[in-house]
Amino acid sequence: MEAKKAAYCHDLELIKQGAEAKVYKGEFLGRNCIVKERFPKKYRLPEIDEKLTKKRLTQEVRALQRCRKAGIATPAIYFTDLVGSVIFMEEIPGCTMKDFISNNSQKKLSDEVVCGVEKIGEILAKMHNADIIHGDLTTSNMILKTSNQNDGPIIYMIDFGLSQSSSLAEDKGVDLYVLERAFLSSHPDSEDLFEKLLQSYKSFSKNCEPVFKKFEEVRMRGRKRTMIG
């Protein structure tokens with residue numbers, strides 16, 4: 001397995017390494033692309049590691065495809081190798097929503113920023129309507145791409161490595177909570193902005209009441225853990 005993975009990524013430019021995977025810039029049939037390589041975890045038994053890695057890669061590919069079917073912008077998948085644990089996908093030019101919001105930190109409630117944040121709420125509601133749980137929602141995992149058409153900027157969702165399919169309100173509430181923690185950490189003093197995101201989510205959600213009930217429960221559990229330390 002190692003030799004095959006090295007052959008894929010040997011001459012590629014490493015741009016990011018996380019706990020689960022390495023991300024490279026490359027080319028696929030003449031097109032710029034992003035290559036995501038899941039690497040083995042030495043602390044796990046090889047057979048368990050291989051099974052878990054293949055499962056997560058499969059879940060990621062399915063989530064990307066299901067998002068596109070639901071009308072949510074995600075990178076197109078060019079090629080997948082389940083044995084080598086590699087995905088070749090479309091490179092999305094643009095900036096992360098984290099950078100966009102941070103670069104406009106002096107005008108947090110400007111029309112552009114509010115519009116972008118409300119779009120995030122709409123996208124997340126549509127994902128949850130389709131029972132897609134992202135699992136690692138942060139504004140770093142959203143790319144703002146300027147459209148050549150009159151529709152304006154498009155937000156692409158990326159990095160579905162911890163995604164799953166679930167209809168449970170609990171899982172959707174946790175997804176919201178993960179985003180809230182990441183959002184307020186990356187963008188201090190932005191509670192009003194995040195509230196606009198939640199209001200947008202409510203407007204597009206088909207069943208937001210149980211989700212928000214669970215969201216508040218998870219919030220309370222998080223606060224108790226913080227108080228206890």
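## Second largest cavity

Helix H2 (residues 46-69) gives the largest share of the lining of the second largest cavity, three residues. Helices here are DSSP runs (H or I, at least four residues), numbered from the N terminus. The model is predicted: local features need pLDDT of at least 70, side-chain atom pairs count only at pLDDT 80 or more, and totals for chains, interfaces and linings use all residues. Residues are numbered from 1 along each chain as its sequence is written, and side-chain values use heavy atoms, without hydrogens and water.

The lining consists of Glu 20, Arg 38, Phe 39, Lys 41, Arg 44, Asp 49, Thr 53 and Arg 56. Lining residues have an atom within 4 Å of a cavity point, a point on a 1 Å grid over the protein atoms alone where a 1.4 Å probe fits but cannot get out. By class, six are charged (Asp, Glu, Lys, Arg), one is nonpolar (Ala, Val, Leu, Ile, Met, Phe, Trp, Tyr, Cys, Pro) and one is polar (the others, Gly among them).

The volume is about 40 Å³, taken as the space filled by probe spheres set on the points, with points joined across faces, edges and corners. The count is two cavities of 30 Å³ or more.

## Packing of H4 and H6

The axes of H4 (residues 111-129) and H6 (residues 191-204) come within 7 Å and cross at roughly 40 degrees. Axes are lines fitted to C-alpha atoms over the stretch in contact, and angles run from 0 to 180 degrees between N-to-C directions. The pair is therefore oblique, the class left after under 35 degrees (roughly parallel), over 145 (roughly antiparallel) and 65 to 115 (roughly perpendicular).

Contact means heavy atoms within 4.5 Å. Contact residues include Val 113, Val 117 and Leu 124 of H4, and Leu 193, Leu 197 and Phe 204 of H6. The contact has 10 nonpolar, four polar and four charged residues.

Notes
Helix = DSSP H or I, 4+ residues; strand = E, 2+ residues; numbered from the N terminus. 1 Å grid on protein atoms, 1.4 Å probe; cavity = no way out; pocket = protein on both sides within 12 Å on 5 of 7 lines; lining within 4 Å.
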